[in-house]
Amino acid sequence: MRSIIRAGGLSVLTLVVALPLLAATPAAAQQSPVPFDARRGVFTFATGLEQALPAVVQVTTLGQSEGPSSGDNEPSPISSGSGAIIDAREGIVVTNHHVVEGGRKFTVDMTDGRIFDAVLLGVDKATDLAVLKIEAPSVSELGLSQIEVVNSDSLRTGDLAFAVGYPLGLDQTLTMGVISGMGRSGMGDRIEDYIQTDAAVNSGNSGGPLLDSRGRLIGINTSILSGGGGGNDGIAFAVPSRILMYVVAQLRESGEVERGTTGAILGSLNAERSRDLGLGIVRGAVIEDVAPGSSAEAAGLRRGDIITRIQNRPVSNAGTVAATIGIAERGTRLEVVYLRDGHEGRATLTVEAPSARTVIAGADAVMARGASVRVASDGLQVFAVEGGSAAAAAGLQAGDLIALVDDTPMRGLDALAAALDGEGQRILSVMRGGEPVEIGLP
């Protein structure tokens, strides 16, 4: 415990002593950036946060448990997590897709002890979000609370952040930290533009809100990065409200999210790719290929261009670009900055309706069923897999080398594009880490 306390650079004893000293005079309290409760003589964020807490709920997912049947067909709890009511009048709850996955029924537990059934309006695997609606004869008369949502684009590293949820079987729990970083990606999903925080997030917090110091929703907690044991190590990620509200609006309207495209097949820049390309940067999105007749082709982008900014936002990797395109309406014009042969260029991409084609083939890459493939020195290599796609669901991974499709050897991109075109499952034989793996690609 002592090592944890010292790791923060300020002991608990110092903090406890320092705050009353500040509170000794009214002038000190007024000058402090921390809200001061003069009646109790303490510094506190409770006033703003307490308004949001009644809208943080526990979500229980019921389904058919694995193992022998008990004889009845009633679903039993298979998972639980947290959620946030964002529309009290309609009873709309947002949570994570992985919280409700596999469920047949859902219940929502309120902080006042009430419990309601809920129906699933839709899920979006690519952002790990799901929307539930509380079932009741007159939801508007239930006296529900809702959380105010603000645009996460206003956040800055160093802002205070509060995570609320139901971790590790405990009742509603509030933890505090700071915004550790913005635009985080590389967690394995397609739409990646996470908020990173060191507020303690554990199993059961999934789907719960990340709040600012005024109790407003800035994100939905979705995952942690653990050094081992699965516990909290001070690195947690939340889907920002900028993405959240776009996804929720579509799920409420149609039950699914339809994203646009620009026709650019993207890969992520890393140290290895940077050395191969002779670059002096390690952040950006590499254009692996451009689909013929696409918006990207019309904008003049070419294979090998490195996108460094989009809509004046710095690009960490392909996930940053996909996140911006993924929440843009059809017809939206996106300004990008790119590098080509060491020189900076600018282009405007227009977001188009998604192609009905199952396969998009370029000169140097093929995108099929969510997997992007290029020719490598040792064969046809998967270099990107879209979260929520058929390829992701089948377990295909970046780095896999495709050797066979339905027992037919793949000797080039043209052969692969032809083999994966059309409907129906394909059996892929791939090499992964030197070992053969068989994958059923729907």
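Colleague: Which residues line the largest cavity?

Modeller: In this predicted model, the largest cavity is lined by Ala368, Ala371, Val373, Leu396, Ile402, Leu420, Leu428 and Leu441.

Colleague: How many residues of the lining of the largest cavity are nonpolar, and what is the volume of this cavity?

Modeller: By class, the lining holds no polar and no charged residues, and 8 are nonpolar. The count of cavities of 30 Å³ or more comes to 1. The volume of the largest cavity is about 40 Å³.

Colleague: Why do the buried residues of H11 line one face of the helix?

Modeller: Helix H11 covers residues 413-420, and its buried residues are Leu413, Leu416, Ala417 and Leu420. Viewed down the axis of H11, these buried residues line one face because they fall within an arc of 100 degrees.

Colleague: Which residues are exposed on the other side of H11, and which residue with positive phi follows the helix?

Modeller: Exposure here requires over 50% relative accessible area. On the other side of H11, the exposed residues are Asp414 and Ala418. The helix is followed by a residue with positive phi, near 95 degrees, namely Gly422.

Colleague: In what order do the 6 strands close into a barrel?

Modeller: The pairing in the barrel is antiparallel. Neighbouring strands of this sheet are turned against each other by 40 degrees on average, direction ignored.

Methods:
Residues numbered from 1 in each chain as written. Predicted model: local features only at pLDDT ≥ 70, side-chain atom pairs only at ≥ 80, totals over all residues. Heavy atoms only, no water. Pairing = 2+ DSSP bridges. Helix = DSSP H or I, 4+ residues; strand = E, 2+ residues; numbered from the N terminus. Axes fitted to C-alpha atoms, helices over the stretch in contact; angles between N-to-C directions. 1 Å grid on protein atoms, 1.4 Å probe; cavity = no way out; pocket = protein on both sides within 12 Å on 5 of 7 lines; lining within 4 Å. Points joined across faces, edges and corners; volume = space filled by probe spheres on them. Nonpolar A, V, L, I, M, F, W, Y, C, P; charged D, E, K, R; others polar. Buried < 20%, exposed > 50% of the residue type's maximum accessible area, 1.4 Å probe, protein only. Arc of directions from axis to C-beta.
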